[in-house]
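Keep the viewer open as you read.

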Amino acid sequence: MSRIGDAEPAGPLQQKLCRLEEQVRARGSVYSRAAAAETAGLSPKTVGEWFSKSRVPRNFETLWDLLQILLEHVSGRGRDTQDDRAWWAAQRAHWHYLWEGAREAQDALRPRPSAVDSTSLATNGTAIERTSADSGEDSRRPVPGLFLSDLLDPMALEVHPTIRTTSTAADLPLLTPYIERRHDRLLRQRVREAADGHSSIAVLVGDSSTGKTRACWEAVQELPAEWRLWHPIAPGRPEALASALDSGAIAPRSVLWLNDAHHYLRTNGPLGELIGSGLRELLRTPARGPILVLATLWPDDWNLLTQGGISSGDDPHAHARALLVGRSIPVPHVFTSTELRALRLATPEDPRLAEAAARAEDGQVAQYLAGSHALVERYESAPAPARAIIDAAIDACRLGHSLLLQGPLLRDAAPGYLTDQQQDELPDNWYDEALSYVTDPRPCRGARAPLSRSKSAQGETDSEQPLYRLADYLEQHGGLRRAAMCPPSSFWLAAADHVTDADDRFTLGAAAEARGQDGHALALYRDAADAGHAESLWKLAAQRERLGDGAGAEEFAFKSVRAGNSFAIRRLVRMRDWDAGEQLAIKAAMAGHTHAFSRLVWELEMADAWDDVRKLWERAAEAGHSPALTWVADDRERMGDVRGAEAFYRRAIESGDIDALGYLARLKEDAGDLKSTETLYRQAIDGGSDRYLVDLSEMLDRAGERVAAEEVMSTAVESGLIWACTRLARAREAAGDLASAEVLYRKAAEAGDPQAMLWIMLSREHESDHASADKWAARAVRAGRVEAYRKLADARERRGDLVGADNLYQEAVRAGDMNALPELVIRRERAGQDETADDLAVSGLAANDARPVLALLQLRRQAGNRRRAARLALRSLSAGYSSPLHDMARELRQAGQEAEALTLYRQAIDAGATEVLLSLARMCSAAGDTGGAQDCYSRAIDAGHTTALLDLAEMCSAAGDTGGAQDYYSRAIDAGHTTALLDLAEMCSAAGDTDGAQHYYSQAIDAGHAHHVRLQHGKL
């Protein structure tokens, strides 16, 4: 008998929830749903309704908070390894799929709203779409976006305006004739996928002003005119998109235009991950498509969003990474020789192209046409006050401030960027003159000025302070130049005075702290904390703890938890020694914040420190913690102390823990006291926990009271607990009463329980009633059990019906059962359909599932077919999955086949995968081919992979070439890799150059590495 056999409600989501809870209890440790709810920051009553009344959570994130607790209990998994993170990502995707299905089923039962009479277009580019109801009445709903035929101005989508020339004719179009490049061909493939009815995403990754948005503009021209395009902006970029994803307002045949996608995916707080998960669900749901997502990112933002979780196990961009990886299209910052030839052929058509062909340096044609050179020239030659305003704007943006900057912030920050003499010479109207300079677009030849006034994006009125946006090319260019610089004190003071958004305050506070500006950081944290910012409250808690003010630390930590940061207490516990941390965790648990306590228990369990686990629970029980009382009761029961167990269960019941009634009922049944058992179950039912109807039904059935058992089961079904019938059927089946079990299974299946449908399906298959088995499989799939076709395929294969099994595996894949895809891939390979196998395996990567590729690679390697394996590895690389290629190269090298490994890497490079140059360079270096390594590193740098500079520096250092190492480290710093300052400091320290080491450590602090310097080196 299960510890608490919750009945499964009608939907697949509730059934899976109940099964998961049973698995938690089956692990042998006491589980309390109320405690789990409190740990997740949820109401126990609300969570109970999710299980027993078919209520579907409105927000998936609240459900996921609970699921993580249950899944941790069942799996014991952390988030430290790539496998762990992949497992959690897969779990989240699976549960989100079930949740979405439950929401759709629930929405389908709601009355349809009446038709609304409205105009055809709403504000912010939102159309009103008319849909026909079955009743013949019209209903209308707002649909974001405008039809492509209505979009005539590319500048409205943030395509860079083209430079003007002295000979520009009045009748020239806004944009120059387009020169197609390699990335355009790749982008066109994604657009055609969408046009053919398959949702798709393309992420163009490249530096500012390299032609990313222009490429997207040209690509969408190939879509049919009835497609829409929506660029989410108001009331805020992420808020607009998140709202549309949550409401389901995005219509099929829509293009989501996410220029500078980091504004949507790299938000403070959970909004970015909500958008990431929402976009993934939108793209993977055929009924909502086709959808085309066009996104652009700078390389640094791409790296931040796609890198793995940090060492603590937190993974702030898990959904963004799953959305983006494998969908990137690199946009080179220079034209190739072939593209330059095409440019020269097009120059007679447009004088702007002719000028770019003649004057653009190093193939940077797109940047020249976008006016970037004029913008940099305007910045470099600016008068000191104007330059100071731009530098302040650059610092604000590179340190994480949101898109729009307050005028007073720039005004008050700017003086600190000037020398004392320059400040003394400032005229009274210096700010107005400097502002006029930086906002004047005329010298930029049609491109944006260094700063552009933004008035409408966030509802600014004429009476409010103006908002400005920094030109994105200057943000990138200036961000690299100032990466190793710490803003002056005036910047931090101005931020404290004028930045009003709590997220911006926190972000700038963190930047100040990273640069050793602790006083300024605390000022920014305090203001954000006053606005209820959860993470800022934690920062103040940590500061109080470091100062020895434990009471103050706890006050701020509890405030942080109440503001939504469930990890605050856990972090504070970690800052203390074990005894003090344990006391705090118990105190928090008594206040309803059980996350820290649960984590302590989990850590002890993982360390197999069971004596300490027992002591921790007993101390919590002594304090009256209800879940601890139940745990101790269960522990006493396992040790044979039945009377002691009952005493603790009754204390838990007195504290309001209804689950303890179920535990005690089971204890009484084991002792043969069936009357008390029934009484306790009925008390739990009367207390609002209908799920105990199932336990009561099973208990009566075991006692031989079959009629009473079925009556209670019927009551459970009438209460919405459909799978109660299935539970009773299982009990009858286990007792050998197959006839009665089948009757109950059929009753449950007809009521909509997919688990019962699976049983009937396999039963019909066993009786060779294949047509009936097929029908039940289809019903189970529609009810959410996508594995039904695969299970039926397995059964047919065991019978020897290979053709029938193959057809069912195909149906399983079409139904979304990714577990069936590896088997189907292997079948295609063994049937000699290797290209089809390739296509199927690579399609798995689009769903973030590498298993089909890995299975096919293993099969081909075992068969000795390296040519096909290499072909698949190269295709996987083009889809963003590089492991197979590197694994193959490593195996070839280990087998002494260096030439074959080099050939494989060169094939990848020839296919445009320039990131492989780094691997090839390291391979050459390990083989002692210094010249080959340097050549590959140089080519990688030319292709934009500036991390190669760090490798070259290390190579020089290892060879004793200190001067060469310093040069490469300096170049790496100029490219934005400021951690090279730490390497330079270490190199000086090793050489006995204390002053040099101190100099570089100070620069590292200015660049934001104060924490590393202090902890790792103990230097300031």
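Start at Arg 638, which lies over the face of Trp 631, at 5.8 Å from the ring centre. A charge counts as sitting over a ring here if NZ of Lys or CZ of Arg is within 6 Å of the ring centre and within 35 degrees of the ring normal.

Before going on, a word on what you're looking at. This is a predicted model, with local features needing pLDDT of at least 70 and side-chain atom pairs counted only at pLDDT 80 or more, while totals for chains, interfaces and linings use all residues. Numbering runs from 1 along each chain as its sequence is written, and side-chain values use heavy atoms, leaving out hydrogens and water.

Back to Trp 631, which forms one aromatic cluster with Phe 597 and Trp 617. The structure holds eight aromatic pairs, where rings of Phe, Tyr and Trp (its six-membered ring) pair if their centres lie within 6.5 Å, with planes under 30 degrees apart counting as stacked, over 60 as edge-to-face and the rest as tilted. Phe 597 and Trp 617 have ring centres 5.0 Å apart and planes at 80°, so they make an edge-to-face pair. That pair links distant parts of the chain, 20 residues apart: Phe 597 is in helix H29 (residues 595–606) and Trp 617 in helix H30 (residues 610–622). Helices (H or I, at least four residues) and strands (E, at least two) are DSSP runs, numbered from the N terminus. Phe 597 and Trp 617 are both buried, meaning under 20% relative accessible area, with exposed being over 50% and partly exposed in between (1.4 Å probe, protein chains only).

Phe 597 also turns up in the largest nonpolar core, a set of 155 residues in which Phe 597 and Ile 569 touch the most other members. Such a core is made of buried Ala, Val, Leu, Ile, Met, Phe, Trp, Tyr and Cys residues joined through side-chain atoms within 4.5 Å. Setting aside neighbours within four places in sequence, Ile 569 is in contact (heavy atoms within 4.5 Å) with Ala 557, Phe 558, Val 561, Leu 584, Ala 588 and Ala 596. Apart from this core lies another, of 53 residues, including Ala 414 and Tyr 431.

Now try helix H40 (residues 770–782). Its 13 residues should span 18 Å at 1.5 Å a residue, and its end C-alpha atoms are 18 Å apart, which agrees; the expected span is 1.5 Å times one less than the number of residues. Which residues of H40 are buried? They are Ser 772, Ala 773, Trp 776, Ala 777, Ala 778, Ala 780 and Val 781. Their cover includes helix H38 (738–750), helix H39 (754–766) and helix H41 (788–799). After H40 comes Gly 784, with a positive phi near 110°.

For a loop, look at Thr 347, found between helix H13 (337–346) and helix H14 (351–359). Thr 347 is buried, with a relative accessible area of 18%. Not counting residues up to four places away in sequence, Thr 347 touches Leu 353, Ala 354 and Ala 357.

Finally, zoom out. The protein has 55 helices and 12 strands, and 53% of its 1020 residues count as buried.
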